[in-house]
Amino acid sequence: MFLHIGLPKTGTTYLQQVVWSNRDRLRKAGLFVPGFGHREHLWAALDLQERPRLAKRHADAPGAWQRLVDEASAQSGDVLITHEFLCGASAAQASRAIASFPDADVHLVVTARDAASVVSAGWQESVKNGGTVDLDAVMAGRPAGGPEFSMRTWDLAGVLERWTHDLPGERVHVLVMPGAGQARDLHWRHFAEVLGLDPDAYAAPEDAVNPALGIVQIETLRLVNQHLPRYSAQERGVWIRGYLAEDLLARQPRERGGMPEQYLARFAEMDRAAVALVAERGFHVLGDLSGLTGEAAVRGGGREPDTVTHAELLESAARLVADIVADVRASTGDVPPRRRGNL
């Protein structure tokens, strides 16, 4: 029984795209992925954590965890459950998840990345999902959205502490994201190795499957979010994340965001704690553990959010309004619709 629990922003969407696009082939190879699709694994992660108002997402969301457990328990071969929101579970909830499979050898798969990169990307992802909290507030302990967008799920050592009490070290697999200059598909190859699969039998995506925005565009969207009415989770995915962020704003010129210098020492300590725990418990590591030191993130830099100027926000917002008007105009049938990638 393989439980892939995240962390968020550690290549999970990339790996899950390979899994879901090859589900039938994986089953023939001896790996069963339960549920009807990615969304049911999302529901299961939230159901395990006993999230309130889960039925508002969908009438079938409550009970999703037990449905996956029942499907998995009916199989004689290997099984994979994968969603990055699982890492938000408490120690008691994690123990309950592992105890759900008493007749199986449970293996935990944790994808990892240096803390500065995880937090920076996680905060930006919260904005793409309708968040309005600024980075300084997040660093002060305020969740950027739901519990899945918080330091709770971005702290590798904390996640490993909560999830691994009931598992021997050799059944905890830490997959470090490949760094610059490493093979594009190395992350998938490591994941496939843990699952006992031939990585060459499945095509990995060539392009980014979860495009990042520039820091100016993130700040523009964060301000826009403050003026939007309350959206359901599905509406946020379609209109904020999908339309505004990954369609319109992703096409604007980008400048990568970075972490303010005053937080780098804190991230370095988080990385040291994670590396020490991995070594102490003898977890199985694939990839370069030194990639968790944060040195690459510090060297790579990136622009701090509070350096974004009013003029840059105005330019980004003007482009955004112009594209929206073009789409509204096209929706009337007066002109051909705008094509993604063409201004």
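The chat below turns to some backbone details and then to a pocket of this predicted model.

Trainee: Which residues does the cis peptide bond join?
Mentor: That bond links G6 and L7, with omega at about 20°. L7 sits in the loop between β1 (2–4) and α1 (12–21). For background, most peptide bonds are trans.

Trainee: Okay, and what is the phi of K9?
Mentor: K9 has a positive phi, about 65°, although K9 is not a glycine. K9 lies in the loop between β1 and α1.

Trainee: Is K9 buried or exposed?
Mentor: K9 is buried, because its relative accessible area of 19% is under the 20% cut-off.

Trainee: And what about the phi of E50?
Mentor: E50 is not a glycine, yet its phi is positive at about 55°. You'll find E50 in the loop between α3 (38–48) and α4 (64–73). With a relative accessible area of 58%, E50 is exposed.

Trainee: Changing topic: how much space lies in the second largest pocket?
Mentor: About 250 Å³. The pocket is lined by 15 residues, and A72, Q75, G77, D103 and A104 are the closest to its centre.

Trainee: Which elements each supply at least two residues of that lining?
Mentor: α4 and β3 (78–82) each do.

Trainee: How do the lining residues of the second largest pocket divide by type?
Mentor: Seven are nonpolar, five are polar and three are charged.

Methods: Residues are numbered from 1 along each chain as its sequence is written. This is a predicted model: local features need pLDDT of at least 70, side-chain atom pairs count only at pLDDT 80 or more; totals for chains, interfaces and linings use all residues. Side-chain values use heavy atoms; hydrogens and water are left out. Helices (H or I, at least four residues) and strands (E, at least two) are DSSP runs, numbered from the N terminus. Buried means under 20% relative accessible area, exposed over 50%, partly exposed in between (1.4 Å probe, protein chains only). On a 1 Å grid over the protein atoms alone, a cavity is a set of points where a 1.4 Å probe fits but cannot get out, and a pocket is an open set with protein on both sides within 12 Å along at least five of seven lines; lining residues have an atom within 4 Å of a point. Grid points are joined across faces, edges and corners, and a volume is the space filled by probe spheres set on the points. Ala, Val, Leu, Ile, Met, Phe, Trp, Tyr, Cys and Pro count as nonpolar, Asp, Glu, Lys and Arg as charged, and the others, Gly among them, as polar.
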